[in-house]
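Take a look at the model below.

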Amino acid sequence: MAKHMRAGFECIAEQPEVFIYQTEQDLSDLLLTLPLDCRILGVEYESKDFTGRKECHERGIDIIFNGRDHSFSSCNLRKRVAEAERNK
């Protein structure tokens, strides 16, 4: 996780702990073993298949799809940079 993203999560008072993972398998293992209530993902994943969807449903972990009202998405930034490079 990017340093700024991690800091953003760690500053949330109600967030007891932040877990960093390296691989998709690490994520699946965390979802299967940690006592989680919910997982938060960007709204762009709502209709997609993603790592951990099955594990969350099997364990009753709520999946919350969070919308963004700003342009600070790394996905959108990558798209804008790629488009700008194509338009040069």
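A residue counts as buried when its relative accessible area is under 20%. Over 50% it is exposed, and in between it is partly exposed. This is a predicted model, so these labels describe predicted coordinates.

Start with C56. Its relative accessible area is 0%, so C56 is buried. C38 has a relative accessible area of 36%, which makes this residue partly exposed.

Are these two cysteines bonded or apart? The sulfur of C38 lies 9.3 Å from that of C56, its closest cysteine sulfur, and this is too far for a bond. A disulfide needs the two sulfur atoms within 2.5 Å. C56 is likewise in no disulfide, since its nearest cysteine sulfur is that of C38, 9.3 Å away. Searching the whole structure gives 0 disulfides.

Now turn to the strands. Strand 1 covers residues 38-42, and strand 2 covers residues 62-66. The two pair in the parallel sense, over 5 bridges. One of the residues involved is R39, whose bridge partner in strand 2 is I63. Between the strands, the chain passes through helix 3, residues 53-59. This β-α-β crossover is right-handed.

How far can the model be trusted? The protein chain has an average pLDDT of 79, and 76% of the residues score at least 70. Among the elements, helix 3 has the highest mean pLDDT, 95. Helix 1, residues 3-10, has the lowest, 46. Over residues 1-8, pLDDT stays under 50. For that stretch the model has 5 contacts beyond four places in sequence. Where pLDDT is low, predicted coordinates should not be read in detail.

Methods: Residues are numbered from 1 along each chain as its sequence is written. This is a predicted model: local features need pLDDT of at least 70, side-chain atom pairs count only at pLDDT 80 or more; totals for chains, interfaces and linings use all residues. Side-chain values use heavy atoms; hydrogens and water are left out. Buried means under 20% relative accessible area, exposed over 50%, partly exposed in between (1.4 Å probe, protein chains only). Two strands pair if DSSP finds at least two bridges between them. Helices (H or I, at least four residues) and strands (E, at least two) are DSSP runs, numbered from the N terminus. A crossover is right-handed if, with the strands pointing away from the viewer, the path from the first strand over the helix to the second runs clockwise. pLDDT is the predictor's confidence in each residue, from 0 to 100. Contact means heavy atoms within 4.5 Å.
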